[in-house]
Amino acid sequence: MKSVLLFGQKKDLGEKLTRRIYRRGYSIKATDDLTKLKRILKTGSPDFVLCTGKIQMNTEGQYYLEL
């Protein structure tokens, strides 16, 4: 079974999309904690990492992901 790691708020991805991913045979883990994300990436290697949130721009013109 392939695995997907969601980084950010699971609700931002949408329940309908999450169910569709699961039905296609992927296991799904979710976290919004950076420390936990690093631990998951070290101990296992998910097939996909999806980042959820809003793309914002700071005053210096740099983009970042708001979780």
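Residues are numbered from 1 along each chain as its sequence is written, and side-chain values use heavy atoms, with hydrogens and water left out. The model being predicted, local features need pLDDT of at least 70 and side-chain atom pairs count only at pLDDT 80 or more, whereas totals for chains, interfaces and linings use all residues.

The protein contains three helices and five strands. Helices (H or I, at least four residues) and strands (E, at least two) are DSSP runs, numbered from the N terminus. Their order along the sequence is β-α-α-β-α-β-β-β. The C-alpha trace spans about 45 × 30 × 15 Å along its principal axes. Of the 67 residues, 19% count as buried. Buried means under 20% relative accessible area, exposed over 50%, and partly exposed in between (1.4 Å probe, protein chains only). The accessible surface comes to about 5400 Å², and 50% of this surface belongs to carbon and sulfur atoms. These areas come from the Shrake-Rupley method with a 1.4 Å probe; for residues, only the protein chains shown count as cover.

Contacts (heavy atoms within 4.5 Å) were also examined by sequence separation. Among those between residues at least 6 apart in sequence, 54% join residues at least 24 apart. The protein has 14 positive and 7 negative side chains. Lys and Arg count as positive and Asp and Glu as negative; His and the chain ends are not counted. The centres of the two sets lie 10 Å apart, with each charge placed at NZ of Lys, CZ of Arg, CG of Asp or CD of Glu.

Strand E1 (residues 2-7) is mostly covered, with five of its six residues buried. Two strands pair if DSSP finds at least two bridges between them. E1 pairs with E2 in the parallel sense over six bridges. E1 also runs parallel to E3, joined by four bridges. Val4 stands opposite Ile28 in E2 and opposite Phe48 in E3.

A separate pairing links strand E4 (residues 54-57) and strand E5 (residues 63-66), antiparallel over four bridges. Gln56 stands opposite Tyr64 in E5. The two strands, E4 and E5, form a hairpin with five residues between them. In the turn, Gly61 has a positive phi of about 85°.

Helix H2 (residues 15-23) holds Ile21. This residue, Ile21, is buried, with a relative accessible area of 16%. Residues up to four places away in sequence aside, Ile21 touches Val4, Leu13, Tyr26, Ile28 and Leu50. Thr59 is 38 residues from Ile21 in sequence, and the two are 36 Å apart in space, C-alpha to C-alpha.

The structure holds one aromatic pair. Tyr26 and Phe48 form this pair, which is edge-to-face, with 6.0 Å centre to centre and 65° between the planes. Rings of Phe, Tyr and Trp (its six-membered ring) pair if their centres lie within 6.5 Å; planes under 30 degrees apart count as stacked, over 60 as edge-to-face and the rest as tilted. Tyr26 lies in strand E2 (residues 26-31) and Phe48 in strand E3 (residues 48-51), so the pair ties together parts that are 22 residues apart in sequence. Both partners are partly exposed: Tyr26 has a relative accessible area of 23%, and Phe48 has one of 42%.
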